[in-house]
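Welcome! Let us take a friendly walk through this protein chain, stopping at a few residues along the way. Here it is.

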Amino acid sequence: MLTAPVPPFRSRRFRWTPFLVGLFALLVAWAESFFLRAPAYGVLVIMILLCAALIRPALSGSRTAVIVPGAAALGVAAQLGWMIWGWYPAVVVAQVAAIAVGFACIAGHHRLSPADGRPHGGARSIGGQRLRRLLRSTVTTALMATAVVVSLTLVAIAVVPAGVAVALQSALGQTSSYAPRGPENATSVTANGDRLTSDIAYGSKYPNSFLDVYIADDDASIARPTYIYIHGGGWIAGTKATGDPNAPDAGFSVISNPVLDGGYNFVSLDYGLAPTVSYPGPVEQISQAVVFLQQNAKQLGLDMDNVVISGGSAGGQLAGQFANIQTNPAYAERVGIDPVIGSALKAVVLDSAALELHKTGETQAPVPLLDFFFGLSARTYLGTSDAVIAEASVTNHVTADFPPTFIADGNVGTFPDQASALHERLDDLGVPNAVFLPTAEEASLGHGFMGAPSVWTDSYNAQKLAFLASLGL
């Protein structure tokens with residue numbers, strides 16, 4: 001009697017193929033949130049989806065046989081759309097399609113898996129088989145339920161990133177508020193001997209409209225340039241007193257003291273955090289703060305005719321965009337924010353700044369968790385409009401009138417490529433500038449390294465102050 005051959009994919013040798021492909025599809029879909037900007041990862045997603053489409057014969061007889069090829073084709077098309085055109089909704093579709101393929105393959109494998117065919121060997125053996133099947137079923141159900149929760153969570157984050165921002169702000173105690181964080185206008189002397197007046201209100205339109213003023217050596221009688229600092233935190237976190245939570249946590253004095261000791265008075269700004277305040281609200285707040293400082297310069301003991309604007313990470317983007325508004329009239333009109341400082345803006349300092357915002361989730365020597373966070377925070381602040389992302393970027397709007405600029409960054413999980421691109425652009429325009437970009441061979445320096453004590457932070461501060469001194473500041 002002739003027996004029909006067993007299709008290769010249905011043989012015992014290939015019985016686990018649908019399960020393994022489905023598992024890989026799920027894992028790849030989950031990890032895509034962390035590797036959005038990595039082209040090689042996009043190729044991996046496409047390869048997994050094509051593999052899933054090719055194993056359709058292994059799923060014949062299962063309802064999922066119809067789902068897999070269609071979802072795989074949709075996922076491949078969407079992934080290509082993201083990789084070629086950078087349209088963010090496409091990558092969300094690709095992620096959802098890969099998740100659907102993963103679950104469909106696993107479900108198809110489970111439906112087609114043969115029952116345990118080993119000899120029974122008595123009632124005790126039968127009871128053992130039933131127990132094993134019960135345990136296997138319980139474990140499988142728990143794992144699938146976990147996989148569903150993880151999948152839904154990651155898709156929800158991809159679609160509505162603001163939820164993560166709100167949760168993070170709540171956990172850090174950094175929600176946007178119209179009330180000051182401490183007693184308003186409180187005055188003290190720091191351990192460094194400088195006078196600090198904290199939580200000074202500079203506006204009322206937006207939350208977090210407060211600033212701190214440090215007077216070097218507690219002596220306002222000496223005229224010193226004013227160094228304005230804008231903290232980072234991906235536009236969704238950070239404060240004027242603690243800095244950027246993505247940078248090393250070594251105390252804000254690591255940032256402020258070298259500047260104060262270098263002969264400057266220091267101002268640190270708070271601004272409304274996204275999603276409560278979205279683009280371009282924080283840029284308008286910087287303008288409001290500068291106007292307030294100009295109007296109250298004498299009372300505060302500040303020289304607002306010689307100003308340095310500085311920022312780290314997202315604060316660097318805000319500082320750079322503010323400088324573009326002051327020096328590029330056409331750009332200021334496009335953004336809808338008037339220039340407020342003119343020639344009093346003598347220099348810009350950009351630390352680990354996000355300057356090309358379409359690459360925010362694409363760090364060099366990438367750290368996946370930071371890429372995920374940076375991409376999520378940028379979407380929370382800017383949305384996904386290519387026009388808005390291009391408008392908020394710094395490098396593509398600088399002109400020959402941009403202020404002299406000092407640019408610094410690390411080399412791991414940060415943006416040295418963007419720093420180099422701005423340096424080259426300013427060189428082409430004839431704008432005085434200097435860069436501090438140690439190579440990986442010299443030292444492994446992460447995002448915002450200048451916020452922690454080290455010999456490299458000391459070198460950074462020395463070169464920054466030397467550059468500012470060369471400008472007569």
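## A stop at L471

Is L471 buried, partly exposed or exposed? L471 is partly exposed, because its relative accessible area is 31%, where buried means under 20%, exposed means over 50% and partly exposed lies in between (1.4 Å probe, protein chains only). This is a predicted model, in which local features need pLDDT of at least 70 and side-chain atom pairs count only at pLDDT 80 or more, while totals for chains, interfaces and linings use all residues. Residues are numbered from 1 along each chain as its sequence is written, and side-chain values use heavy atoms, with hydrogens and water left out.

You can find L471 in the segment after α15 (455-470). Helices (H or I, at least four residues) and strands (E, at least two) are DSSP runs, numbered from the N terminus. Apart from its neighbours within four places in sequence, L471 is in contact (heavy atoms within 4.5 Å) with K346, A347 and P404. The C-alpha atoms of L471 and P432 are 9.3 Å apart, and 39 residues separate the two along the chain.

## Aromatic pairs

A pair of aromatic rings is described by the distance of the centres and the angle of the planes. Rings of Phe, Tyr and Trp (its six-membered ring) pair if their centres lie within 6.5 Å; planes under 30 degrees apart count as stacked, over 60 as edge-to-face and the rest as tilted. Under this rule there are 19 aromatic pairs. In one of them, Y227 and Y264 have ring centres 6.2 Å apart and planes at 70°, so this pair is edge-to-face. Y227 sits in strand β4 (residues 225-230) and Y264 in the loop between α7 (253-261) and β5 (265-269), so the pair ties together parts 37 residues apart in sequence. Y227 and Y264 are both buried.

Y279 and Y381 also form an edge-to-face pair, with 5.9 Å from centre to centre and 85° between the planes. Because Y279 lies in the loop between β5 and α8 (281-295) and Y381 in helix α12 (residues 368-382), this pair ties together parts that are 102 residues apart in sequence. Both Y279 and Y381 are buried.

## A lysine and its partner

Where is K359? K359 lies in the loop between β7 (345-351) and α12, and K359 counts as buried because its relative accessibility is 16%. The side chain of K359 makes a polar contact with the side chain of D417 at 2.9 Å. A polar contact is a pair of N or O atoms within 3.5 Å; within protein, one must be able to donate a hydrogen and the other to accept it, and residues adjacent in sequence count only if both atoms are side-chain atoms.
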